[in-house]
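Dear colleague,

I am handing over the structure we spoke about, and my notes on it follow below.

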Amino acid sequence: MVESNSTDLQELRAAIPGGRVLEITTTTGCVVGCSYCPQDKFASRQKAVSRVKHLCLEDFKRCLARVPTAVDISFAGYSEPWLNPDCTEMVEHAHMSGHGIRIFTTLAGMDRSDLRRLQALPFRVFVVHVFDDGTYMNSRLVRQKYLDVVRQLVDSDIPSIRFLVMGEVHPDIVGIIPAGALCRSRPLSSRGGSVDAEIVETRPPVVGALTCAEQRQYRNVLLPNGDVTLCCMDFERRHVLGNLLRDEYRELFEGPVFREIVDRMNGKDGFLLCRKCEFAEPKTSAC
């Protein structure tokens with residue numbers, strides 16, 4: 001049962017553990033339609049390099065076999081994970097392989113059978129992005145099947161569950177999720193300048209050496225074709241570290257792309273997505 005404790009975005013972030021993470025983008029394209037998500041840019045860039053839309057289960061297993069168990073597996077990425085029908089089986093396989101599991105989902109595509117299977121697993125964190133009233137999200141997806149899953153989740157015994165809403169909660173969900181269990185936030189991230197500036201203003205670029213406040217250079221994103229991008233801000237595939245269908249995990253951080261990223265974070269000239277990211281901080285001599 002969800003406890004009705006008031007929370008805010010800072011408390012939610014504090015509840016998310018650090019360490020190395022591989023985020024899983026299970027599909028190219030997302031029907032959830034968040035206005036503050038540059039999904040169209042990701043889909044356009046991804047389709048230009050690969051016809052693979054869904055990460056197939058066998059490819060996921062091949063990629064995961066190259067990843068040390070010390071790396072958490074996060075089902076989040078650049079689209080709603082459960083739009084891929086194999087997502088629950090991927091979660092189960094990652095858990096059985098010895099990885100810590102993190103979930104970030106809107107619940108779109110998930111059914112009650114998926115949730116029953118998930119309830120049997122431990123999670124580092126389980127964050128549900130709750131549908132709003134249609135201001136930012138495709139509220140047409142809030143149907144009876146979705147509401148049944150929300151009710152089941154609220155009554156579940158998943159201790160790490162958190163609910164996040166940006167804007168006003170969809171009216172059909174009000175009353176299902178205890179108000180005190182909701183973490184309320186606004187769409188603050190420009191995704192490194194990829195979001196429409198009329199929705200989220202891009203920050204002035206950080207000049208010189210910088211550091212990532214959350215070390216997201218080690219929280220990378222696996223794409224459906226096996227490519228691995230720098231982090232969850234890299235919707236436009238600006239920094240592709242390698243491909244886990246052919247490269248070992250450690251090689252992602254030994255190759256020329258990552259070495260160049262490190263050099264540019266240390267002040268070298270050249271394009272670096274991090275410069276416009278809200279998590280970037282100027283690097284001081286004390287760092």
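Against which strands do the buried residues of helix 7 pack? Before the reply, please bear in mind that this is a predicted model. The buried residues of helix 7 pack against strand 8 and strand 11. The residues concerned in helix 7, which runs over 256-265, are Phe 258, Ile 261, Arg 264 and Met 265. Viewed down the axis of helix 7, these buried residues lie within an arc of 125°, so they line one face of the helix. After helix 7 comes Gly 267, where phi is positive and near 115°.

The loop that leads into this helix also deserves a look. Leu 252 sits in the loop between strand 11 (240-243) and helix 7, and with a relative accessible area of 0% Leu 252 is buried. If neighbours within four places in sequence are left aside, Leu 252 is in contact with Val 228, Leu 241, Gly 242, Asn 243, Leu 244 and Phe 258, and Phe 258 is itself among the buried residues of helix 7.

Val 91 belongs to helix 4, in which Cys 87, Thr 88, Met 90, Val 91, Glu 92, His 93 and Ala 94 are buried. Because seven of the ten residues of helix 4 (residues 87-96) are buried, this helix is largely enclosed by the rest of the structure. The cover over its buried residues includes helix 3 (57-64), strand 3 (72-75), strand 4 and helix 5. Just after helix 4, Gly 98 takes a positive phi of about 100°.

Helix 2 (residues 39-49) can be described by its two sides. Gln 39, Phe 42, Ala 43 and Gln 46 are buried, and they lie on the same side of helix 2 because they cover an arc of only 95° around the axis. Asp 40 and Ala 48, on the other side of helix 2, are exposed.

Two residues other than glycine have a positive phi and may be worth checking by eye. Leu 107, with phi near 80°, is placed in the loop between strand 4 (101-105) and helix 5 (112-118), and at 2% relative accessibility Leu 107 counts as buried. Gln 215, with phi of about 50°, lies in the loop between strand 8 (210-212) and strand 9 (219-222).

Finally, the cavities. There is one cavity of 30 Å³ or more, and the largest cavity holds about 110 Å³ of space. Its lining is made up of 13 residues, among which Cys 212, Arg 216, Cys 231, Cys 274 and Cys 277 lie nearest the centre. By class, that lining comprises eleven nonpolar residues, one polar residue and one charged residue.

With best regards

Terms used:
Residues numbered from 1 in each chain as written. Predicted model: local features only at pLDDT ≥ 70, side-chain atom pairs only at ≥ 80, totals over all residues. Heavy atoms only, no water. 1 Å grid on protein atoms, 1.4 Å probe; cavity = no way out; pocket = protein on both sides within 12 Å on 5 of 7 lines; lining within 4 Å. Points joined across faces, edges and corners; volume = space filled by probe spheres on them. Nonpolar A, V, L, I, M, F, W, Y, C, P; charged D, E, K, R; others polar. Buried < 20%, exposed > 50% of the residue type's maximum accessible area, 1.4 Å probe, protein only. Helix = DSSP H or I, 4+ residues; strand = E, 2+ residues; numbered from the N terminus. Arc of directions from axis to C-beta. Contact = heavy atoms within 4.5 Å.
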